[in-house]
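Thanks for coming, everyone. Please have a look at the slide before I start talking.

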Amino acid sequence: MKLGARILKTGIAITLALYAAILLEIPSPGLAGISAVFAIQPSVYRSYLTALEQLQANVIGALFAIAFALAFGNNPFIIGLTSVIIIALALKLRLENTIPIALVTVIAIMEYEGADFLDFALLRFVTIMFGILAASVVNLVFMPPKYETKLYHRMAANTEEILKWIRLNSRKASDFASLKADLDKMKEKMIKLNHLYLLYQEERSYTKKTRYAKSRKLVLFRQMLATTSRALETLKLLHRLENELHRMPSAFQDHIQNELNSLVNYHEQMLLKFIGKVKTQHSSYILNEVSICRQQLIQTFMSYQTNEDSEQYKTWLHLFPLVSSIIDYSEKVEHLDLLISSFYTYHNNPEDELHIQEKREDE
């Protein structure tokens, strides 16, 4: 079992919150640990937003708990009614993510029956805020996320798997059932990659220089995602139209295979070119090969367009999305090549802007 950064940060935040509450001799330090759990976030920026939202939720929960406890008492029905009102208000204010911490505040305050109720309520409020503060400190200081490294290596791994299957399928060597199972896994990985890209996009830059640098990198990563997504769509069509493709003449199948082989090699080079392991001028030869194979594929495919043979025409129509996807895939790889070349040609010290570390064995 592998322990991720968020798991470790949660443990550190709970420990820090508990120690802080114990050192300050705050009663019920466990509340600080509980609130720290809700405040752990995958990014620094989301941690900042969460801290603000949970501060609001904690204040709202404390005020309503104090008001209802003083007005109606603290029997279970009143606590439940207060919780319902807090949930409705949080939804109205679009603070639905903070509902758990607000309810913890309500229950923690309204359970008390002593005379010094207001002092107790304030103490509970402060205790819960200690947990939120501890989680924010951990999010900021401990194991800050390295989105560029994660994005690149996860994208490279998923892309390599997709390209492997494209090679096998174009050579009629893939197993239908195995590919079908792996397609679902690769689709899930693409969803996670897009989510990771959004987290990276959310992170704030605090100087003009870093903002411009990040904008350039966001463009590159977005195009890499779009290219990998198109490769996956092409693989899906190859898988779905496998029988129709096999009924086409061998010359057409050869052109499909040649274009896909060139594209796969081209895409692999772009992954290496992005991290500076391939010279920017080296891709011109394979780009020319991709262009020639694409033109041959289009010409051959259009030559089979005929209404005289209805069955062949139906097959031609069925294969139209596949050919269109291959063409779009090639254009996306070419555009990725152009963006990477521009990044390394026209910007000062692009190697300093990219912060992609070598992949560790445990990742």
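First, the ground rules. This is a predicted model, where local features need pLDDT of at least 70, side-chain atom pairs count only at pLDDT 80 or more, and totals for chains, interfaces and linings use all residues. Residues are numbered from 1 along each chain as its sequence is written, and side-chain values use heavy atoms, with hydrogens and water left out.

Now the fold. How many helices and strands does the protein have? There are 14 helices and zero strands. Helices here are DSSP runs of H or I with at least four residues, strands are runs of E with at least two, and both are numbered from the N terminus. Buried residues make up 44% of the 363 residues. By buried I mean under 20% relative accessible area; exposed is over 50%, and partly exposed is in between, with a 1.4 Å probe and protein chains only. Next, contacts, meaning heavy atoms within 4.5 Å. Take those between residues at least 6 apart in sequence: 77% of them join residues at least 24 apart.

On to helix pairs. Start with α2, residues 30–39, and α5, residues 99–110. Their axes come within 10 Å and cross at roughly 165°. Axes are lines fitted to C-alpha atoms, for helices over the stretch in contact, and angles run from 0 to 180 degrees between N-to-C directions. So α2 and α5 are roughly antiparallel. That label covers angles over 145 degrees; under 35 is roughly parallel, 65 to 115 roughly perpendicular, and the rest oblique. The crossing of α2 and α5 is right-handed. Right-handed means the near helix is turned clockwise from the far one by less than a right angle; left-handed means anticlockwise.

Who meets whom here? From α2 we have Leu31, Ile34, Ser35 and Phe38; from α5, Pro100, Ile101, Val104 and Ala108. By class, that contact has seven nonpolar, one polar and no charged residues. The classes are simple: Ala, Val, Leu, Ile, Met, Phe, Trp, Tyr, Cys and Pro are nonpolar, Asp, Glu, Lys and Arg are charged, and the others, Gly among them, are polar.

Next pair: α7 and α8. They pack at an angle of about 155°, with axes 10 Å apart. They are therefore roughly antiparallel. This crossing is left-handed. Residues in the contact include Leu151, Arg154 and Trp165 from α7, and Asp182, Met186 and Leu193 from α8. By class, this contact has 13 nonpolar, three polar and six charged residues.

Let me stop at Leu193, in helix α8. Is it buried or exposed? Leu193 is buried, with a relative accessible area of 3%. Leaving aside neighbours within four places in sequence, Leu193 is in contact with Leu151, Arg154, Met155, Asn158 and Leu225. Now compare sequence and space. Leu193 and Tyr152 are 41 residues apart in sequence, and 9.6 Å apart C-alpha to C-alpha.

Then α8 with α9. The angle is about 165°, and the axes are 11 Å apart. That makes α8 and α9 roughly antiparallel. Their crossing is left-handed. By class, the contact has 13 nonpolar, five polar and seven charged residues.

Now the cores. A nonpolar core is a set of buried Ala, Val, Leu, Ile, Met, Phe, Trp, Tyr and Cys residues joined through side-chain atoms within 4.5 Å. The largest one has 56 residues, and Ile166, Phe221 and Phe252 have the most contacts inside it. Elements giving two or more residues to this core include α7, α8 and α9. Which element gives the most? α13 does, with eleven residues. A second, separate core has 39 residues, including Ala65, Leu103, Val104 and Ala135.

Last stop: backbone angles. Most residues other than glycine have a negative phi. Glu25 has a positive phi, near 55°. Glu25 sits in the loop between α1 and α2. At 70% relative accessibility, Glu25 is exposed. Arg94 also has a positive phi, about 60°. Arg94 is in the loop between α4 and α5. Arg94 is exposed too, with a relative accessible area of 71%.
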